[in-house]
Amino acid sequence: QVQLVESGGGSVQAGGSVRLSCVVSEGSLAKHSMGWFRQAPVKEREFVASISRESRYKYYGDSVKGRCTISRDNAKNTVYLQMNSLKSEDTAVYYCAADGGTWNIAIATEERAYEFWGQGTQVTVSS
């Protein structure tokens, strides 16, 4: 079983930055490829970014490409999401997700690629 705990959310001014963290509190991060998704009110969950076990492969959603960097520190059991040039439309609950031990890279941007999910952290961008 894998437990994921997100942190780093909060209220940010438009144009600002935020760095989200996701700690694997049970299990080993090194065994999992990871993803970040977000869900805004009355919207479906949206893919943000994903990263393979050894950071060789990284993918980004079109809405954040160029403003977002995903990274991981397996020694610290932590994956990060750095978001810059924030916009009001980035306001959402951000979720961290881990695969079940086998990552299907063909669906790396889809929720079904991930088995374990955190509780989410709220990011609110004000203009």
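This report describes the fold, the nonpolar cores and several individual residues of the protein.

The structure is a predicted model, in which local features need pLDDT of at least 70 and side-chain atom pairs count only at pLDDT 80 or more, while totals for chains, interfaces and linings use all residues. Residues are numbered from 1 along each chain as its sequence is written, and side-chain values use heavy atoms, with hydrogens and water left out.

## Overall fold

The protein has zero helices and 11 strands. Helices (H or I, at least four residues) and strands (E, at least two) are DSSP runs, numbered from the N terminus. Read from that end, the order of elements is β-β-β-β-β-β-β-β-β-β-β. The radius of gyration is 13 Å, close to the 14 Å that the globule rule gives for 127 residues, so the protein is as compact as a globular protein of that length. That radius is taken over C-alpha atoms, and the rule is 2.2 Å times the number of residues to the power 0.38. The C-alpha trace spans about 40 × 25 × 25 Å along its principal axes.

Of the 127 residues, 45% are buried. Buried means under 20% relative accessible area, exposed means over 50%, and partly exposed lies in between (1.4 Å probe, protein chains only). The accessible surface comes to about 6,400 Å², and carbon and sulfur atoms hold 44% of it. Accessible areas come from the Shrake-Rupley method with a 1.4 Å probe; for residues, only the protein chains shown count as cover.

Among contacts (heavy atoms within 4.5 Å) with a separation of 6 or more, 59% join residues 24 or more positions apart. There are 14 positive and 13 negative side chains, and the centres of the two sets lie 5 Å apart. Lys and Arg count as positive and Asp and Glu as negative; His and the chain ends are not counted. The place of a charge is taken as NZ of Lys, CZ of Arg, CG of Asp or CD of Glu.

## Nonpolar cores

A nonpolar core is a set of buried Ala, Val, Leu, Ile, Met, Phe, Trp, Tyr and Cys residues joined through side-chain atoms within 4.5 Å. The largest one has 28 residues, and L4, M34, W36, L81 and Y94 have the most contacts inside it. Two or more residues each come from β3 (18–26), β4 (34–39), β5 (46–51), β7 (68–73), β8 (78–83), β9 (92–98) and β11 (121–126). A second, separate core has eight residues, including F37, A97, W103 and I107.

Leaving out residues up to four places away in sequence, L4 touches C22, V23, V24, M34, C96, A97, A98, F116, W117, G118 and Q119.

## V93 and G120

V93 is in strand β9. Apart from neighbours within four places in sequence, V93 contacts F37, R38, Q39, G120, T121 and Q122. G120 lies in the loop between β10 (116–117) and β11 and, with the neighbours within four places left aside, is in contact with E6, V93, Y94 and Y95.

## Loop residues

R67 sits in the loop between β6 (58–60) and β7. Residues touched by R67, not counting those up to four places away in sequence, are Q82, M83, N84, S85, L86, K87 and D90. S28 is in the loop between β3 and β4.

| Residue | Relative accessible area | Class |
|---|---|---|
| S28 | 27% | partly exposed |
| V42 | 91% | exposed |
| S55 | 28% | partly exposed |
| R67 | 10% | buried |
| G120 | 24% | partly exposed |

Most residues other than glycine have a negative phi. V42, in the loop between β4 and β5, has a positive phi of about 60° although it is not a glycine. S55, in the loop between β5 and β6, has a positive phi of about 70° and is likewise not a glycine.

## C-alpha separations

V93 and F37 are 56 residues apart in sequence and 8.4 Å apart in space. For G120 and A97, 23 residues apart along the chain, the separation is 9.7 Å.
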